[in-house]
Protein chains: 2
Amino acid sequence: MTRWLSDDEQRAWRAFVSLQAKLNAQLNRELQAESDLSLADFEVLVHLTDRDDGRVRAFELAKEMLWEKSRLSHHLARMKRRGLIDRVECDEDARGSYIELTPEGRRAIEHAAPGHVETVRRLIFDQLTPEQVQALRTISETILAQLH
Amino acid sequence: MTRWLSDDEQRAWRAFVSLQAKLNAQLNRELQAESDLSLADFEVLVHLTDRDDGRVRAFELAKEMLWEKSRLSHHLARMKRRGLIDRVECDEDARGSYIELTPEGRRAIEHAAPGHVETVRRLIFDQLTPEQVQALRTISETILAQLH
DNA sequence: ACAACATGGTTGACGTGTCAACTATTCCGC
DNA sequence: GCGGAATAGTTGACACGTCAACCATGTTGT
């Protein structure tokens, strides 16, 4: 016996699904137009600038970002082609490699960050009350806890 | 002057971003494993079964689903290759075409739907109070209103 | 010491999405 | 009617994601 969704649940579900689709599209569009980066590029660059030395082992990057190793490998290949990052071989473990921020990569993220934060604020946080921000967090964390 | 995000906002934002990534991945994985359909396939099939005659003009489909026409065209080509839908030429407008559910497409959606609803219920609605469901809807609709 | 297994990473095939350019029709103003 | 704009849809190029197979190196148990 399938338990279908109630009307309220359906409406919430449809709104949430639309939200994801449109929000992602618009965040990507604005970041691309403004800074010629995708959200994925941006996220990689953020994780690299979080380190003082601007370098991380690839597998750590994958863990922090919850990305599959293969996705990361493909993406880094594209970013390297565009000169945003570099691969440096790893002395401690001959299998691995360090991913390094290039000067160009640093310029890119520094140029992109303020505008992107502005966009996120304008589209999301300026629209919500502090209670809604808390609720969004709680809801997200609750559902996340179910996902492996 | 960039207005950065507060700690609370950052935490909410990170949770929300993770949620989207993981939830989509898992919904896709389960639907794929269970019924050999992607979420996109599923959505197209749902919109086709909503019509009594199981056929829709492509541009209507695109409007209902908020998809670009080119995305739809590519996707329908793949679905047609798999025998889930068919294109039928349109008498009223020689430019257009009808998209038709095939018997195989109907079987596919009928097989997939109960399990998929079950998954959505289990992962999301079983985890949330009715108040949270309302909040999710309100938040989603509020942000959506900002997006063009 | 060495076989078996685990880990770090790449690759190729293919599905998915966007953008811009293109074809073919239909619509609309004059 | 007729020329130009709008509409319906396709196509090609390319970025993005997943899966499964693969290679090389490290680690572990006996």
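Predicted model: local features only at pLDDT ≥ 70, side-chain atom pairs only at ≥ 80, totals over all residues.
User: Is V56(A) buried or exposed?

Analyst: The idea is to count neighbours: a residue is buried if 20 or more other C-beta atoms lie within 10 Å of its own, exposed if 12 or fewer, and partly exposed in between, with C-beta atoms placed from the backbone. V56(A) has 20 other C-beta atoms within 10 Å, so it is buried.

User: Which residues is V56(A) in contact with?

Analyst: Contact here goes by C-beta atoms placed from the backbone, which must lie within 7 Å. Skipping neighbours within four places in sequence, V56(A) is in contact with H47(A), L48(A), R51(A), L61(A), Y98(A) and I99(A). Q20(A) is another story: it is 36 residues apart from V56(A) along the chain, and their C-alpha atoms are separated by 30 Å.

User: How do I read the sheet, and what is the order of its strands in chain A?

Analyst: Strands of a sheet pair through backbone hydrogen bonds, either parallel or antiparallel. Two strands count as paired if DSSP finds at least two bridges between them. In chain A, 3 strands make an open sheet in the order β1-β3-β2, with antiparallel pairing. β1 (55–57) and β2 (85–89) of chain A are at the edges with a single partner strand each, so one side of each has no neighbour in the sheet. Ignoring direction, neighbouring strands here are turned by 30 degrees against each other on average.

User: What about the strands of chain B: how many bridges join β2 to β3?

Analyst: There are 5 bridges between strand β2 (residues 85–89) of chain B and β3(B), and the two run antiparallel. I85(B) stands opposite L101(B) there. β1 (residues 55–57) of chain B also pairs with β3 (residues 97–101) of chain B, antiparallel over 3 bridges, and V56(B) has I99(B) as its bridge partner.

User: Which helix lies across β1, β2 and β3 of chain A?

Analyst: That's α2 (residues 39–50) of chain A, running at about 95 degrees to β3(A). For such angles, axes are lines fitted to C-alpha atoms, for helices over the stretch in contact, and angles run from 0 to 180 degrees between N-to-C directions. α4(A) lies across β2 and β3 of chain A, at about 115 degrees to β2(A).

User: How many residues of chain A are in contact with chain B?

Analyst: 42 residues of chain A are in contact with 42 residues of chain B. On the chain A side, α1, α5 (103–123) and α6 (130–146) each give two or more residues, and α1(A) has the largest share with 14 residues. That side divides into 24 nonpolar, 9 polar and 9 charged residues. Here Ala, Val, Leu, Ile, Met, Phe, Trp, Tyr, Cys and Pro count as nonpolar, Asp, Glu, Lys and Arg as charged, and the others, Gly among them, as polar.

User: Which residues come nearest to DNA strand C?

Analyst: A residue is near a strand if its C-beta atom, placed from the backbone, lies within 6 Å of it. Of the 25 residues around DNA strand C, the nearest are F59(A), S70(A), S73(A), G96(A) and S38(B). α4(B) supplies the largest share of that surface, 5 residues. The surface divides into 5 nonpolar, 9 polar and 11 charged residues. Around DNA strand D there are 26 residues, with S38(A), A94(A), F59(B), S73(B) and G96(B) the closest.

User: Last one: what is phi of D36(A)?

Analyst: Most residues other than glycine have a negative phi. D36(A) has a positive one, near 60 degrees. D36(A) is in the loop between α1 and α2 of chain A, and counts as exposed with 12 C-beta neighbours inside 10 Å. D36(B), also not a glycine, has a positive phi of about 60 degrees and lies in the loop between α1 and α2 of chain B.

Methods:
Residues numbered from 1 in each chain as written. Chains lettered and ligands numbered in written order. Helix = DSSP H or I, 4+ residues; strand = E, 2+ residues; numbered from the N terminus. Contact = placed C-beta atoms within 7 Å.
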